[in-house]
Amino acid sequence: MEKVIETKTCKHCSISFDITDKDMEFYEKVSPTFWWKKYSISSPTLCPDCRQQRRASFRNERKFYSRKCDYSGKDIISNFSPDKNLKVYAHDVWLSDTWNAMDYSLDVYFDVSFFSQYSQLSNSVPKVSMINDNGINSINSEYCYNFSYGKNVYMVTTAWHVEDSMYSQYWAYYKDSIDCISIWNSGHLYECTNVLESYNCQFLQNSTDCSDCVFWIDLKWCKHCFWCVWLRNKKYCIFNKELTKDTFLKEMQQYNIWNYKNLLAIKDKFFLFYFHLPKLYSFQTNCIHSTWNYLNNCKNVTESFDIFNGENCKYYWWWSDEPINSYDILIWWKHELCYESIVPDLAYKSCFTDYCFNSSDIFYSEHCYSCQSCFGCIWLRNTSYCILNKQYTKEEYETLVPKIIEHMMTTWEWGEFFPSSMSPFGYNETVAQEYYPLTPPLSHSLKKDLTLPLSCKERGQEWMFQFSLSPVIARKDDEAISEDHHVADTPRDDHTWPVFNWSTYESPPPKVDKIIPADKLPQNIEDIPDDILNWAIECEVTKKPFRIIKQELEFYRKHKLPIPRRHPDQRHLDRMQLRNPRKLYERTCDKCHKPIQTTYAPDRPEIVYCQTCYEKEVY
Ligand SMILES: [Zn+2]
Ligand SMILES: [Zn+2]
């Protein structure tokens, strides 16, 4: 049992949050030691939510743009919009030896903040157009982010080992599917969320090991089911009633779910029906002492979401596999003793980093691959003892880094992730906007605080969790990239504190023969002509035009599915709505009144059961 040893007030949102004895043990473990002296990372100043929001504001995984490679001038796809005053290189150029990130190295100065210096480096070292392995381990998968080992994949992010799939997120070992989220080892799926080991299913949620089913929630080991919930090891069921194969097939013909209007009516009715059924407090499989949601094979994984095979981890926000002894991580695979980092794949002791892969003892760095002992570095490979991309000897490194840390302690930077204002993306381009939506510009409560006089100490604190008021630095069409390094944000004397970057760039509309309103589309896929590939459809919600690609049309035809009426971005938001918010509440089971921790807020209207009561209901 963890013991609360301090209750702190978040410096951003002012809520109180607890620090436990185990937390302190962890912060000590990840603190670096130089010359027998430990440089402690103190407990966080922001609450877990604000820390997640800050990290998420650095991750743009779904907004892609056409732009030029700043090295070759070739047309490329990138998650950096073309108006940003940054150098962006095509993936193959960025990986090549035609340039060297060490050429951008900086000396360390102690009369300015460390983040200012890092920001200068970050704004000068070329960015990679997209993080994927297209052309290396993947084929025809250019429009994918944080992606590897794929073939014919389009608009898929945070996934690997995927084939012939589109418009989805958080998958592994997956093929021939569209519009899914959080899927593992499955295929031929459409509009599914949180599904493992399943095949040929549509509109499926929170289920495992099923096939040939449509509209179902929480099923296991089922086949040929329609409009069912809570079934185990059943086949040929409609409305949870088992039928003969012939009756099942005959009734399915009558429902004619392949007609768009019918499909919509069935979907609405299904979710209304499900709404009134008791809900499980948390989806966990083979977990011990773990809290939050969607956890598989986890031990002591608390306040975490979407984790596979984790042990002794806390504050994970989504999708990680095999993490050990780590806190505050956003996404991905095998790592140990990592803290406040994004995608620390195969990393050991990676703290305050973004995409540092197969590296150890890395602090305040991004895109360092197979590196050891680096501090404040960007895009280095197979190297050690570098600071701000400059090579030092081991002795020099171990003498200089403690001085930097001591300097960072005086500027209140040590122990904090980079402030959101240093993100190269507009807040509205990032996943932070999905989970912590803000309206432009500057609607954030912090704005109110901007007029408050701040002492130097408070100002230092403020800087850690502040966000930039200035819009993302935009490059005018005819303006060359300046060689002057832009410092993303520097505290200002007039207290006009930065809040959030905000992007106003919009991609030009698609060049098409015509744009047709969604409600003019034929109801059945059989009536859709090939010509649709030359049109755009106007989204029924956002009115934003979107195109259907050939591979997608083939999928809808193969599965007899009607053409979607909503833009992929809207469909993504709709799917996200099916998942509970990433908030953990204390409430009681609505049957036995035992205390539970759940994502269902106590004032929500749903009936929520603990595991024991839920299982009694289901089985
Ligand atoms: Zn907070
Ligand atoms: Zn109960």
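How many bridges join strand E10 to strand E11? The points below take up this question together with other features of the model, which is predicted.

1. **Confidence.** The protein chain has a mean pLDDT of 87, and 90% of its residues reach 70 or more. Over residues 442-498, however, the pLDDT is below 50. Where pLDDT is low, the predicted coordinates should not be read in detail.

2. **Domains.** The domain assignment divides the protein chain into domain 1 (4-56), domain 2 (177-280), domain 3 (514-577) and domain 4 (585-618). Between the C-alpha centres of domain 1 and domain 3 the separation is 47 Å.

3. **The seven-stranded sheet.** An open sheet with mixed pairing is formed by seven strands in the order E9-E10-E11-E12-E13-E14-E15. E9 and strand E15 (241-242) stand at the edges, and each has a single partner strand, so one side of each is left without a neighbour in the sheet. As to the opening question, strand E10 (residues 178-196) and strand E11 (residues 199-208) run parallel and are joined by seven bridges. In this sheet, Leu189 stands opposite Cys201 in E11.

4. **Backbone of strand E9.** Most residues other than glycine have a negative phi. Asn146, which is placed in strand E9 (residues 144-175), has a positive phi near 50°. Tyr149 is also found in strand E9, and its phi is positive as well, near 55°. Is Asn146 buried or exposed? Asn146 counts as buried because it has 24 C-beta neighbours inside 10 Å, where 20 or more are required. Tyr149 has 17 other C-beta atoms within 10 Å and is therefore partly exposed.

5. **Helix H7.** How does the span of this helix agree with its number of residues? Helix H7 (residues 394-410) has 17 residues, which at 1.5 Å a residue should span 24 Å; the end C-alpha atoms are 25 Å apart, and the values therefore agree. Tyr397, Val401, Ile404 and Ile405 are buried in H7. These residues lie on the same side of H7, because they cover an arc of only 100° around the axis. Glu395, Lys403 and Glu406, on the other side of H7, are exposed. The buried residues of the helix pack against strand E3 (33-34), helix H4 (114-124), strand E28 (372-375) and strand E30 (384-387). Just after H7, Trp412 takes a positive phi of about 65°.

6. **Strand E18 and its partners.** Strand E18 (residues 292-296) is largely enclosed by the rest of the structure, because five of its five residues are buried. Strand E17 (residues 284-285) runs parallel to E18, and two bridges join them. In that pairing, Thr285 stands opposite Asn296 in E18. E18 also pairs in the parallel sense with strand E20 (residues 304-308), over four bridges. Here Trp292 is placed opposite Ser304 in E20.

7. **The three-stranded sheet.** Strands in the order E32-E33-E34 make up an open sheet of three strands with mixed pairing. Its edge strands are strand E32 (514-517) and strand E34 (545-546), each pairing on one side only. E32 runs parallel to strand E33 (residues 535-538), and four bridges join the two. Ala536 in E33 is the bridge partner of Ile515.

8. **The loop around Ile563.** Where is Ile563 placed? Ile563 lies in the loop between helix H11 (550-558) and helix H12 (568-577). Despite this loop position, Ile563 counts as buried, because it has 20 C-beta neighbours inside 10 Å. The cut-off for a buried residue is 20 or more. Leaving aside neighbours within four places in sequence, Ile563 is in contact with Leu521, Ile525, Ile528, Ile548 and Tyr556. Ile563 and Glu552 are 11 residues apart in sequence, and their C-alpha atoms are 9.3 Å apart in space.

Key: Residues numbered from 1 in each chain as written. Chains lettered and ligands numbered in written order. Predicted model: local features only at pLDDT ≥ 70, side-chain atom pairs only at ≥ 80, totals over all residues. Domains from an automatic or database assignment. Buried ≥ 20, exposed ≤ 12 C-beta atoms within 10 Å, placed from the backbone. Expected span 1.5 Å × (residues − 1). Arc of directions from axis to C-beta. Contact = placed C-beta atoms within 7 Å. pLDDT = per-residue confidence, 0-100. Pairing = 2+ DSSP bridges.
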